[in-house]
Amino acid sequence: MCHRVLSLCGFLLLGLQCGWQTLAEDCMDIKIFTTKVASCCQLEEFLTLKTYGNCLNTMAEKYPNSTLDYLVCGLDCTYREMGILTGVDDINVEQISTNQAVYGEAYQEAIGKAVDACLAQRDEFREQEKFTKSECGMFALKFQGCIMVESMRNCPAERWDSSVLCEKVRSGVAVCPP
């Protein structure tokens with residue numbers, strides 16, 4: 001359940017990163033298709049749920065009146081506790097590979113492509129961070145959203161639901177503006 005919520009956050013972040021622009025008349029209303037979109041690819045948990053839960057509990061106490069800080073700092077904490085993030089935006093690719101090693105080769109390859117694609121966007125994430133104020137760095141949140149989206153784009157065939165809606169997701173049909 002928790003990784004589905006993170007998937008949905010990824011799609012919302014993608015929409016925000018794209019400025020909710022659509023290049024075609026076709027777009028997806030995320031309010032209607034949220035659950036289905038999150039199920040297009042059988043994704044494994046990228047984060048250790050126990051660590052994520054502990055970090056969220058800590059952040060709920062630390063930031064009781066700020067949903068943004070709760071989410072941003074919760075992911076930042078989780079990434080750091082898992083050894084994925086060090087410094088401001090240094091990603092430990094070997095740690096991610098170690099965490100994902102229990103899954104099949106095709107899935108590991110998909111995650112590897114997602115990590116590479118997200119690392120290539122590091123400068124964009126830095127630039128976007130200037131527009132959002134939080135007690136913690138936004139990098140983990142941006143990276144997690146990117147991982148969810150790129151994992152869907154690179155989803156192995158045996159894990160992909162080839163329904164019409166999911167094929168729209170894969171082809172890049174935009175999220176409709178709110």
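Predicted model: local features only at pLDDT ≥ 70, side-chain atom pairs only at ≥ 80, totals over all residues.
**Entry 1. Terms and model**

I count a residue as buried under 20% relative accessible area, as exposed over 50%, and as partly exposed in between (1.4 Å probe, protein chains only). I number residues from 1 along each chain as its sequence is written, and side-chain values use heavy atoms, with hydrogens and water left out.

**Entry 2. Overall layout**

I looked up the secondary structure, taking helices (H or I, at least four residues) and strands (E, at least two) as DSSP runs numbered from the N terminus. I found 9 helices and 4 strands in the protein. Along the sequence their order reads α-β-α-α-α-β-β-α-α-α-α-α-β.

I then checked burial: 43% of the 178 residues are buried. With accessible areas from the Shrake-Rupley method and a 1.4 Å probe, the protein exposes about 9,600 Å², of which carbon and sulfur atoms supply 53%. For contacts (heavy atoms within 4.5 Å), I took those between residues at least 6 apart in sequence; 72% of them join residues at least 24 apart.

**Entry 3. Aromatic pairs**

I paired rings of Phe, Tyr and Trp (its six-membered ring) when their centres lie within 6.5 Å, calling planes under 30 degrees apart stacked, over 60 edge-to-face and the rest tilted. The search of the whole structure returned 5 aromatic pairs.

In one of them, Tyr79 and Phe143 have ring centres 6.1 Å apart and planes at 85°, so I record the pair as edge-to-face. Tyr79 belongs to helix α4 (residues 67–81) and Phe143 to helix α8 (residues 139–153), so this pair ties together parts 64 residues apart in sequence. Tyr79 is buried at a relative accessible area of 0%, and Phe143 is buried at 0%.

I next examined Phe125 and Phe139, whose ring centres are 5.8 Å apart with planes at 65°; this pair is therefore edge-to-face. Phe125 lies in helix α7 (residues 122–129) and Phe139 in helix α8, 14 residues apart. Both Phe125 and Phe139 are buried. I noted that ring pairs link Phe46, Tyr79, Phe125, Phe139 and Phe143 into a cluster.

**Entry 4. Charges over rings**

My criterion was NZ of Lys or CZ of Arg within 6 Å of the ring centre and within 35 degrees of the ring normal. The charged end of Arg159 sits over the ring of Tyr107, 4.1 Å from its centre. For Arg170 over the ring of Trp160, I read 4.1 Å to the centre.

**Entry 5. Salt bridges**

Side chains of opposite charge can pair when their charged atoms come close. I required a side-chain nitrogen of Lys or Arg within 4 Å of a carboxyl oxygen of Asp or Glu, and this rule gave 8 salt bridges.

Asp161 bridges to Lys36, with the closest N and O atoms 2.4 Å apart. Asp161 lies in the loop between α8 and α9 (164–171), and Lys36 in helix α2 (residues 30–38), 125 residues apart. Asp161 is partly exposed at 26%, as is Lys36 at 32%.

Glu109 and Lys113 form a salt bridge at 3.6 Å between the closest N and O atoms. Both residues lie in helix α6 (residues 105–119), 4 residues apart, about one turn of the helix.

Lys130 and Glu127 meet at 3.1 Å, N to O. Lys130 is exposed at 53%, whereas Glu127 is partly exposed at 40%. Finally, I recorded that salt bridges with shared partners join Asp89, Asp123 and Arg126 into one network.
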